[in-house]
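Here are my notes on the model you sent. Please keep it open while you read the points below.

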Amino acid sequence: MSWSIEAVREAQVAPEAVFALYSDPGTWSAWGHNATWARADGPLVEGGTVDVRANYGKVYPCRIRRLVPDRALELVVHPPGMTIVNVYEVEPTPAGGSRIHHAFRIEGPMGTVARLLGLGRVYAKKLEAEVEAVARMARTGTAGERDATDVTAAERALHGAKRRAGGGRWED
């Protein structure tokens with residue numbers, strides 16, 4: 001079973017400023033809902049990998065599945081028992097701003113557990129906060145407050161099960 005959520009917002013910011021945030025893993029912890037840091041070995045390229053440390057301590061290699069310069073970044077990560085596809089897209093609007101779109105799709109048995117734990121609602125709020133943070137950072141050049149990044153009780157339950165299942169590496 002798979003499920004997905006998304007958040008979309010239009011903002012009076014240049015699409016290039018938004019994509020600059022997507023293409024710089026050093027910014028991901030400032031706007032990403034579940035990243036305490038992210039590191040790539042070099043420039044982002046399709047097929048490349050970015051290591052991302054989740055706020056609950058696990059480091060995951062995220063494969064770049066799609067990269068369209070100044071437009072889209074798609075990452076695939078394989079936590080135990082699931083596959084997550086993260087999509088980050090920006091496109092110009094007729095008014096001279098940007099349409100910012102973040103989405104993710106979860107599939108696999110642990111993805112079903114996540115949905116049953118009510119994480120769809122939790123992650124929907126986190127994606128909304130991500131889109132807002134990206135718009136703010138693209139407009140001001142600063143991170144500001146991190147919104148909706150705390151790990152919830154439902155996430156702790158899911159990640160505790162994943163901790164026992166392996167995959168990725170832990171940094172406590």
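1. Confidence first. pLDDT is the predictor's confidence in each residue, from 0 to 100. The protein averages 87, and 83% of the residues score at least 70. Where pLDDT is low, the predicted coordinates should not be read in detail. Helices (H or I, at least four residues) and strands (E, at least two) are DSSP runs, numbered from the N terminus.

2. Ground rules. This is a predicted model: local features need pLDDT of at least 70, side-chain atom pairs count only at pLDDT 80 or more, and totals for chains, interfaces and linings use all residues. Residues are numbered from 1 along each chain as its sequence is written, and side-chain values use heavy atoms, with hydrogens and water left out.

3. Aromatic pairs. Rings of Phe, Tyr and Trp (its six-membered ring) pair if their centres lie within 6.5 Å; planes under 30 degrees apart count as stacked, over 60 as edge-to-face and the rest as tilted. The count is seven aromatic pairs. Tyr22 and Tyr88 have ring centres 5.7 Å apart and planes at 40°, so this pair is tilted. Tyr22 lies in helix α1 (residues 15-22) and Tyr88 in strand β6 (residues 83-92), so the pair ties together parts 66 residues apart in sequence. Both Tyr22 and Tyr88 are buried (buried is under 20% relative accessible area, exposed over 50%, partly exposed in between; 1.4 Å probe, protein chains only). Ring pairs link Phe19, Tyr22, Trp28, Trp31 and Tyr88 into a cluster.

4. Strands β2 to β4. Two strands pair if DSSP finds at least two bridges between them. Strand β2 (residues 37-40) and strand β3 (residues 49-53) run antiparallel, joined by four bridges. β3 also pairs with β4 in the antiparallel sense, over five bridges. Arg53 in β3 stands opposite Trp37, and Arg53 also stands opposite Val59 in β4. In the hairpin of β3 and β4, with four residues between the strands, Gly57 takes a positive phi near 105°.

5. Asp70. Which residue other than glycine has a positive phi near 60°? Asp70 does. Asp70 sits in the loop between β4 (58-68) and β5. Asp70 is partly exposed, with a relative accessible area of 45%.

6. Helix α3 (residues 109-116). Met110, Gly111 and Ala114 are its buried residues. Seen down the axis of α3, they fall within an arc of 105° (taken from the directions from the helix axis to the C-beta atoms), so they line one face of the helix. Pro109 and Leu116, on the other side of α3, are exposed.
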